Structure formats: C-alpha cells, structure tokens
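Here's a quick tour of a sheet and the aromatic rings around it. Have the structure open while you read.

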Amino acid sequence: CWHSPEYYYRKAASETCTEHHFVTEGGYEVKGVENPYFLSEIFDLNKCGVFLDGGAYIGDTIEIAQKYIPNLRLIYAFEPNKETYKRLIDNKRIKRTGVKYFNNGLGKQEGEFRFTNDDAGSRISDEGSEEIHVLSAGEFVSGLGKDELPDFIKLDIEGAELDVIDSLDMFIARY
C-alpha cells in the first residue's frame, strides 16, 4: 500500500520526535518538534554531507543537523537579518568546522530588496524599513565544485521558498 510522503513525515514526526520549544531573546516563542527536518525514516542521512540552510535564523536548525547527520562536513548558512546574523555567528552551540556564513537572503535573482525585520518572521516586503542583499540560489550552486554541492536543502524564508526552488530547478533536476 502506497502512502504520500506527507503521511510518512507526519507518522515519523509523531512517533520519533519530542515536543520542543524555546523562547528567543526577542520573546518569540517557537513550538514544534525537536527534529522537524532530519527524519531518518524518510531520508538516508548517511548520504548527506553538505547542508544548505536558507533562513538559518540563530542556528537552531544547524545545531539539529550537526546532531542528526553523521557525515556532515559542510554547511552553508544564509541569514539576511543583520541582528539575527550576529546571533547566528555568535551561537556557541554550533560546531564551527565546515560552516560558511552568509549575511544574505536567497532568492530567484540577485539584487537589493526591502526587508521587514520581525525576529523569526523577518521577510522580504515592499513595506520593509531595511534593505538586504539577496543572492540567486541557482547562481550560488552553479559556482560550487562537485564536492561542495548541497545534498540537503532546508528553506524557511517566509514565503520565498518557491522562488529559490525555481532558481534551483536545473540543479534539482540534475542531482
């Protein structure tokens, strides 16, 4: 009997993950599961070595990746919010080896964009009071060597996920 990937995700998440929450320094309460992305019931985590984290926030997902992906050797951490980026690079719980930090957003095309700074809900917005630099995800991966290409991509970029996926369409189709 075949089930959708969502079925297996929900089943694995409810059976193997524990309730988890924390409160950010800005008072934002994050609730969910400890490991929402790296479920060995769905992914062969032993085959993962390069992780691209779009919307790295304060490094919480990087901490989890470093715990659950046994052969992790390289991480690309993208966080466009200047204040959050500082907290990301200051996060003492992240093992520094192999982590490359980028104070940029990811998108379909490179450029300068208006940005609303709202802690974990920060996003590109015409009403934003700040300006950020966004890199084209497709151009970024096309500039990487074969051993540097991501084999696990996590995007939490407040509605711009499809733009990044569109930018990566050739990479995704090939790999």
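The notes below go from the sheet to the aromatic rings.

This is a predicted model, where local features need pLDDT of at least 70, side-chain atom pairs count only at pLDDT 80 or more, and totals for chains, interfaces and linings use all residues. Residues are numbered from 1 along each chain as its sequence is written, and side-chain values use heavy atoms, with hydrogens and water left out.

- E4 (residues 74–78) runs parallel to E5, and four bridges join them.
- Across from Ala77 you'll find Tyr101 in E5.

**The aromatic rings**
- Phe38 and Phe51 pair edge-to-face, at 5.4 Å centre to centre with 80° between the planes. Rings of Phe, Tyr and Trp (its six-membered ring) pair if their centres lie within 6.5 Å; planes under 30 degrees apart count as stacked, over 60 as edge-to-face and the rest as tilted.
- Phe51 also pairs edge-to-face with Phe152, at 6.0 Å and 65°.
- Phe51 is in strand E3 and Phe152 in strand E10, so this pair ties together parts 101 residues apart in sequence.
- Tyr37, Phe38, Phe43, Phe51 and Phe152 form one aromatic cluster.

- Phe51 counts as buried because its relative accessibility is 0%; buried means under 20% relative accessible area, exposed over 50%, partly exposed in between (1.4 Å probe, protein chains only).
- Phe152 is buried too, at 9%.

Note on methods. Pairing = 2+ DSSP bridges. Helix = DSSP H or I, 4+ residues; strand = E, 2+ residues; numbered from the N terminus.
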